[in-house]
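Thanks for coming. I will go through one structure, starting with the sheet and then turning to the helices around it.

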Amino acid sequence: AGSRWPFTGTTHQYYYCPYPMWMGYATSYLQKNGHEVLFYDAIAWRDGYDVFMGKVRNFNPDYIIQEISYPSIDVDLAVAEKLSQIAKVALCGTYASVAAESLSALPFVHAVFEGTYEEHALELANSGVGGIYSRTEMVNLDNYPWPFRAEYMKNDSRSRFTQNNNAYTMYYDPCIPSPEPMLFTSMSRGCPFKCDFCLWPNTMYGN
């Protein structure tokens, strides 16, 4: 999820569908550097496991970068193990950032990314090297493109808030008082504050 917490629960939360920002940044950065990438937000699509696996197989990837989180870790790792039968799997996200060593020891995990992972994704795509990719500092944000904006959904009639086949109607986060739909971007990396309720600084930013 693009906010301070991951998705949990057994049913789709109609009004909570934030844009997966870090995956979007990694996607656009890979594309900028000449790689073919499938950005696949199965939660926004409301795809079940069979449909999800079928779409991944049809893309026939060399690598699969999967975001994981602790509240859903059992399901996430079960999915990762199945995905490893299709391509080499790299785990990323909040839990991957704090449990990289134990996750990298799993036989179906090829790589683990700590922190935000644009550079990690590109290094994996270029080299194929597995293992733990340690957290790196992003010195100049102007080197990175805007996050991917989900053009692949533009003809989907299941848009959340309207039926105008617009890709951007999928996303909304009610914790921010803004008109819907909404898309996120990040104007900085890291955070000067020490809020004990926020997930990002201690996991993705290393602060």
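How many bridges join strand β1 to β2? Strand β1 (residues 63-67) and β2 are joined by 5 bridges, and the two run parallel. Before going on, a word on the source: this is a predicted model, where local features need pLDDT of at least 70, side-chain atom pairs count only at pLDDT 80 or more, and totals for chains, interfaces and linings use all residues. Residues are numbered from 1 along each chain as its sequence is written, and side-chain values use heavy atoms, with hydrogens and water left out.

On naming: helices (H or I, at least four residues) and strands (E, at least two) are DSSP runs, numbered from the N terminus. Two strands pair if DSSP finds at least two bridges between them.

Back to the sheet. Y63 is the residue that stands opposite K88 in β2. Strand β2 (residues 88-92) is mostly covered, with 4 of its 5 residues buried; buried means under 20% relative accessible area, exposed over 50%, and partly exposed in between, with a 1.4 Å probe and protein chains only. Strand β2 is also joined to strand β3 (residues 111-113) by 2 bridges, and these strands run parallel. There, A90 stands opposite A111 in β3.

Taken as a whole, the sheet is open and has 4 strands in the order β1-β2-β3-β4, with parallel pairing. β1 and β4 (131-133) are at the edges with a single partner strand each, so one side of each has no neighbour in the sheet. From one strand to the next, the twist averages 20°.

Now the helices. Two packed helices are described by the angle between their axes and the distance between the axes. Axes here are lines fitted to C-alpha atoms, for helices over the stretch in contact, and angles run from 0 to 180 degrees between N-to-C directions.

Take helix α1 (residues 21-32) and helix α7 (residues 118-127): their axes come within 8 Å and cross at roughly 45°. That makes α1 oblique to α7; angles under 35 degrees count as roughly parallel, over 145 as roughly antiparallel, 65 to 115 as roughly perpendicular, and the rest as oblique. On the α1 side, the contact (heavy atoms within 4.5 Å) is made by Y25, A26, Y29 and L30, and on the α7 side by E118, E119, A121, L122 and A125.

What else does α7 pack against? Its buried residues are E118, H120, A121, L122 and L124, and they pack against α1, β1, β2, β3 and β4. Just after α7, G128 takes a positive phi of about 75°.

Y49, F52, M53 and V56 of α3 meet V75, V79, K82 and L83 of α4.

Y144 is found between β4 and α8 (200-205). Is Y144 buried or exposed? Y144 is buried, with a relative accessible area of 15%. Leaving out residues up to four places away in sequence, Y144 touches Y29, K32, E118, E119 and M138. Y144 and S28 are 116 residues apart in sequence, and their C-alpha atoms are 8.3 Å apart in space.
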